[in-house]
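Colleague: I am new to this structure and would like to learn how to read it. Could you take me through it step by step?

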Amino acid sequence: MATHHLAALLFALMAVPAFLSARWLAQGRLPLSNGSTGMTVRDKAVLDNKLARLLRMIGLAMLATAAGLVLWGEQERRLLGLIVVMFLVVNGLAAACIYTVASAKRRARRGGG
């Protein structure tokens, strides 16, 4: 097995926690944080759904990276482009998660949505 195939397998396995967390969030199975005071049940459900959607997108980006590694593992230029795009997408989605939680907390402190 080539090293790029091993790296692709690793990326595919690292996507599993993102999908599991998204599923648990959507089902309401993850415990709420202590900082969620002031949020209604509806607000918490909306936040959970937004975060679940973002986590699914992170998982899909990681699976796409794994597929790209399998296809282009021998081509350095394409592999470099894949890594740069993956870095930007995953970090952008992580920043969107942080922004989503921060804005929900701000709305809860203000007392409304």
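Modeller: Gladly! Keep in mind that this is a predicted model. Let's begin with helix 3, where Leu-79, Leu-82, Met-86, Val-90, Leu-93, Cys-97, Thr-100, Ser-103, Ala-104 and Ala-108 are buried.

Colleague: How should I read the spacing in a list like that?

Modeller: An α-helix has 3.6 residues a turn, so residues three or four places apart point the same way. With that in mind, look again at the buried residues of helix 3, which include Leu-79, Leu-82, Met-86 and Val-90.

Colleague: What covers the buried residues of helix 3?

Modeller: The cover includes helix 1 (3-27) and helix 2 (41-72).

Colleague: Now the whole protein, please. Which pattern does it follow along the sequence?

Modeller: The pattern is α-α-α, with 3 helices and 0 strands. The radius of gyration is 17 Å, well over the 13 Å that the globule rule gives for 113 residues, so the protein is more spread out than a compact globule. Its C-alpha trace spans about 55 × 25 × 15 Å along the principal axes.

Colleague: And how much of the protein is buried?

Modeller: Here "buried" means under 20% relative accessible area. Such residues make up 30% of the 113 in the protein.

Conventions. Residues numbered from 1 in each chain as written. Predicted model: local features only at pLDDT ≥ 70, side-chain atom pairs only at ≥ 80, totals over all residues. Heavy atoms only, no water. Helix = DSSP H or I, 4+ residues; strand = E, 2+ residues; numbered from the N terminus. Rg over C-alpha atoms; globule rule 2.2 N^0.38 Å. Buried < 20%, exposed > 50% of the residue type's maximum accessible area, 1.4 Å probe, protein only. Contact = heavy atoms within 4.5 Å.
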